[in-house]
Amino acid sequence: MKRTILHFILIPVLVLACAERPAESNFSEENSDNPFEMGFASVDITGEEAYILDPLYVKAIVFRQGSEQVALVECDISVVDDSVSIPARREASLKTGIPYENISISATHTHMDEPHKQVVPAIIEAVSAAKNALKEVNVKSGIGTEFNLSLIHISEP
């Protein structure tokens, strides 16, 4: 679970931190006194007929600071095309107030293509639940070194 949350947090936070704001935006002035909030939710989409080792999920994370809101959604399916993305983003936007263009939906990899429940309602549910779970967070960064990722033992004859 921690690995999933870290995966969800690390990349989006870096993207948000590096995102270039239009010149006319008062993002920093508007949000300087507003807390940075984040909410996370997941919805199980594992189908009844699925033969799997691990459940399939739609996972959503919502970021908010002031009036700025962003939702990132990851689906445990092979493909997210326009037939899923457009209605899911439209309905999630209407239900949560997160702008359509600020909702990003992607697919993870799975070896089975059809053993899941309906994805569009699950995306809407996950984004809504993540927004309802928003709470103030502090974002910190650090630098570290890990020397034990790959150990090679060479023995002399």
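The protein contains four helices and five strands, where helices (H or I, at least four residues) and strands (E, at least two) are DSSP runs numbered from the N terminus. The model is a predicted one, in which local features need pLDDT of at least 70 and side-chain atom pairs count only at pLDDT 80 or more, while totals for chains, interfaces and linings use all residues. Residues are numbered from 1 along each chain as its sequence is written, and side-chain values use heavy atoms, with hydrogens and water left out.

Of the 157 residues of the protein, 32% count as buried; buried denotes under 20% relative accessible area, exposed over 50%, and partly exposed in between (1.4 Å probe, protein chains only). The accessible surface of the protein comes to about 10,900 Å², of which carbon and sulfur atoms hold 53%. Such areas come from the Shrake-Rupley method with a 1.4 Å probe, and for residues only the protein chains shown count as cover. Among contacts (heavy atoms within 4.5 Å) between residues at least 6 apart in sequence, 73% join residues at least 24 apart.

The five strands form an open sheet with the order β4-β3-β2-β1-β5 and mixed pairing. At its edges stand β4 and β5 (135-136), each with a single partner strand, so one side of each is left without a neighbour in the sheet. Two strands are taken to pair if DSSP finds at least two bridges between them. Strand β2 (residues 57-65) is mostly covered, seven of its nine residues being buried. With strand β1 (residues 36-44), β2 pairs in the antiparallel sense over nine bridges, and Y57 in β2 is the bridge partner of D44. The pairing of β2 with β3 is also antiparallel, over eight bridges, and includes V58, whose bridge partner in β3 is C75. These two strands, β2 and β3, form a hairpin with two residues between them, and G66 in the turn has a positive phi of about 60°.

By contrast, β3 and β4 pair in the parallel sense, over five bridges. Here V73 stands opposite I105 in β4, and E74 stands opposite S106 in β4. Together with α3, these strands make a right-handed β-α-β unit; a crossover is right-handed if, with the strands pointing away from the viewer, the path from the first strand over the helix to the second runs clockwise.

Helix α3 (residues 82-96) has 15 residues and spans 20 Å from its first C-alpha to its last, close to the 21 Å expected at 1.5 Å a residue, the expected span being 1.5 Å times one less than the number of residues. Its buried residues are V84, S85, A88, R89, A92, S93 and T96. Seen down the axis of α3, these buried residues fall within an arc of 130°, so they line one face of the helix; the arc is that of the directions from the helix axis to the C-beta atoms. On the other side of α3, D82, S83 and L94 are exposed.

The cover over the buried residues of α3 includes β3 (68-75), β4 (103-107) and α4 (119-132). One of the buried residues, S85, has a relative accessible area of 12%. Leaving aside neighbours within four places in sequence, S85 is in contact with V80 and I105. Just after α3, G97 takes a positive phi of about 85°.
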